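Biologist: I would like a close look at one part of this model, the sheet and the helices around it. Please take it piece by piece.

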Amino acid sequence: MRAEHLYKRFGDKPVLEDVSLTVPAGAVLCLMAPSGWGKTTLLRCMAGLEKPDSGTVRDVPERIGYVFQEDRLCGHMSAVENVRLVTGRRMDTETIRAHLTELGLGGQLHQPVEELSGGQRRRVSIARALAGKPSVILADEPTGALDSRSSDELLRLFGELNRGGQTIVMVTHSVRAASTAGRVLFIKDGQVFHQLYRGEDDDTRFYQRISDTLTVIAQGGELGA
């Protein structure tokens, strides 16, 4: 996917200003910014859920899986039924069960999702996003409402999906989540302000680089290339 020169305003407030980025196939890309600085709007524009005022999104895959910040599940319905809402008749019940079991929900297939833990509900949301076999998953704050254990489980799941070839673009405030990506883009005042590549770093070293970068941005300092 490629976003080229995206601009978006809400009233008098510029939210995106000349944002361009490329998402290579098989990448894990993370977008970081304080609230209100455009990262969710950028993700929604890439998904076609928001229309930019100008600019284009190119090379859009036929199938995109979107994980919303809120679960947006039907609480009285089971995990299987929630996934079926998206797939309709394109996926049979046994296949849906198999997908949910692969995501660690084999014991909760028919339990109302309102009775599941936050981490389990997040997995149902991801199963729903994966049901259409998307080329790209766009995930908005996927660990935002989770405790540390559930967050770690979800990040391990994303790692497994990526090792299987899944492309993932993730919006997050979490340095821990961002440290699992291969590339992090920092959005400031609606613009791509800086970016980091993992390179040869392990998660610990990349975590520190991301944390240091956020500190410099918060203090209004300058960043090198």
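In which order do the strands of the open sheet stand, and what is the sense of their pairing?

Modeller: This is a predicted model, so local features need pLDDT of at least 70 and side-chain atom pairs count only at pLDDT 80 or more, while totals for chains, interfaces and linings use all residues. Residues are numbered from 1 along each chain as its sequence is written, and side-chain values use heavy atoms, with hydrogens and water left out.

The open sheet has 6 strands, in the order β5-β6-β7-β3-β8-β9, and the pairing is mixed. Strands (E, at least two residues) and helices (H or I, at least four) are DSSP runs, numbered from the N terminus. Pairing takes at least two DSSP bridges between two strands. β5 (64–67) and β9 (191–197) are the edges; each has a single partner strand, so one side of each lacks a neighbour in the sheet. On average, neighbouring strands are turned by 15° against each other, direction ignored.

Inside the sheet, β3 (residues 28–32) pairs with β8 (residues 183–188) in the parallel sense, over 4 bridges. Leu31 has Leu185 of β8 as its bridge partner.

Now the helices. α4 (residues 118–130) packs on the sheet and touches β5 and β6 (136–140). Contact here means heavy atoms within 4.5 Å. The direction of α4 makes about 160° with that of β5. Axes are lines fitted to C-alpha atoms, for helices over the stretch in contact; angles run from 0 to 180 degrees between N-to-C directions. α5 (residues 148–163) also packs on the sheet, touching β3, β6 and β7 (167–171). Its direction makes about 150° with that of β7.

α4 and α5 pack on each other at about 20°, with axes 9 Å apart. They are therefore roughly parallel (angles under 35 degrees). Gly119, Arg122, Arg123, Ile126 and Leu130 of α4 meet Ser150, Glu153, Leu154, Leu157, Phe158 and Leu161 of α5. That contact divides into 6 nonpolar, 2 polar and 3 charged residues. Ala, Val, Leu, Ile, Met, Phe, Trp, Tyr, Cys and Pro count as nonpolar, Asp, Glu, Lys and Arg as charged, and the others, Gly among them, as polar.

α4 also packs with α2 (residues 79–87), at an angle of about 30° and with axes 9 Å apart. That makes α2 roughly parallel to α4. Ala79, Asn82, Val83 and Val86 of α2 make the contact with Val124, Ala127 and Arg128 of α4. Its residues divide into 5 nonpolar, 1 polar and 1 charged.

Technical notes. Angles under 35 degrees count as roughly parallel, over 145 as roughly antiparallel, 65 to 115 as roughly perpendicular and the rest as oblique.
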